[in-house]
Amino acid sequence: MIYKGVEYTVTAVAPGIWKWQFRIDDRVVTGKTEAKLYLLAVRRVQLRINRERKKNASG
């Protein structure tokens, strides 16, 4: 999927556990989140992308 020009993936690892990954420039960011719903996990990744983009813009 793509959010604000950043391609990311969200994959179910176990019930309620989601693994995610995205790339900004040459940096790959990965992690896991707990959420019952897929769309909630997606939203959390999108918020993380926003934080990373803001951090890169100010730095």
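I began by noting the scale for accessibility: buried means under 20% relative accessible area, exposed means over 50%, and partly exposed covers what lies in between. With that scale in hand I looked up Arg 27, which at 38% relative accessibility counts as partly exposed. I also wrote down, before going further, that this is a predicted model.

**Entry 1: the salt bridges**

I asked how many salt bridges the structure holds, and I found three. Arg 27 forms a salt bridge with Glu 52, and the closest N and O atoms of the pair are 2.6 Å apart. Because Arg 27 lies in strand β4 and Glu 52 in helix α1, this pair ties together parts that are 25 residues apart in sequence.

I then followed Glu 52 to its other partners. Arg 48 forms a salt bridge with Glu 52, with 3.4 Å between the closest N and O atoms, and both residues lie in helix α1, four residues apart, or about one turn of the helix. Lys 55 forms a salt bridge with Glu 52 as well, here with the closest N and O atoms 3.6 Å apart, and these two, three residues apart in helix α1, are also separated by about one helical turn. I recorded Arg 27, Arg 48, Glu 52 and Lys 55 as linked in a network of salt bridges.

Is Glu 52 buried or exposed? Glu 52 has a relative accessible area of 4%, so I noted it as buried, whereas Arg 48 is partly exposed at 26% and Lys 55 is partly exposed at 49%.

**Entry 2: the sheet**

I traced the strands next and found an open sheet of four strands in the order β1-β2-β3-β4, with antiparallel pairing. β1 and β4 (27-34) stand at the edges with a single partner strand each, so one side of each is left without a neighbour in the sheet.

Two bridges join β1 (residues 2-3) to β2, and in this pairing Tyr 3 stands opposite Val 6. The two strands form a hairpin with two residues between them, and in the turn Lys 4 has a positive phi of about 50 degrees.

**Entry 3: the nonpolar core**

Which residues touch the most other members of the largest nonpolar core? Of its 14 residues, I listed Tyr 8, Val 10, Trp 20, Phe 22, Val 45 and Ile 49. β2 (6-14), β3 (17-24) and α1 (38-58) each supply at least two residues of this core.

Leaving aside neighbours within four places in sequence, Ile 49 is in contact with Tyr 3, Val 6, Tyr 8, Phe 22 and Ile 24. Ile 49 and Tyr 3 are 46 residues apart along the chain, yet their C-alpha atoms are separated by 8.2 Å.

Last, I looked up a nonpolar surface patch of about 320 Å², made by Met 1, Tyr 38 and Leu 39. Tyr 38 is found in helix α1 and counts as partly exposed because its relative accessibility is 34%. Val 10 touches both Met 1 and Tyr 38.

Notes
Residues numbered from 1 in each chain as written. Predicted model: local features only at pLDDT ≥ 70, side-chain atom pairs only at ≥ 80, totals over all residues. Heavy atoms only, no water. Core = buried A, V, L, I, M, F, W, Y, C linked by side-chain atoms within 4.5 Å. Buried < 20%, exposed > 50% of the residue type's maximum accessible area, 1.4 Å probe, protein only. Contact = heavy atoms within 4.5 Å. Pairing = 2+ DSSP bridges. Patch = residues over 30% accessible without salt bridge, like charges linked within 9 Å, V, L, I, M, F, W, Y side chains within 5 Å. Areas by Shrake-Rupley, 256 points an atom, 1.4 Å probe, with all protein chains shown as cover. Salt bridge = Lys/Arg side-chain N within 4 Å of Asp/Glu carboxyl O.
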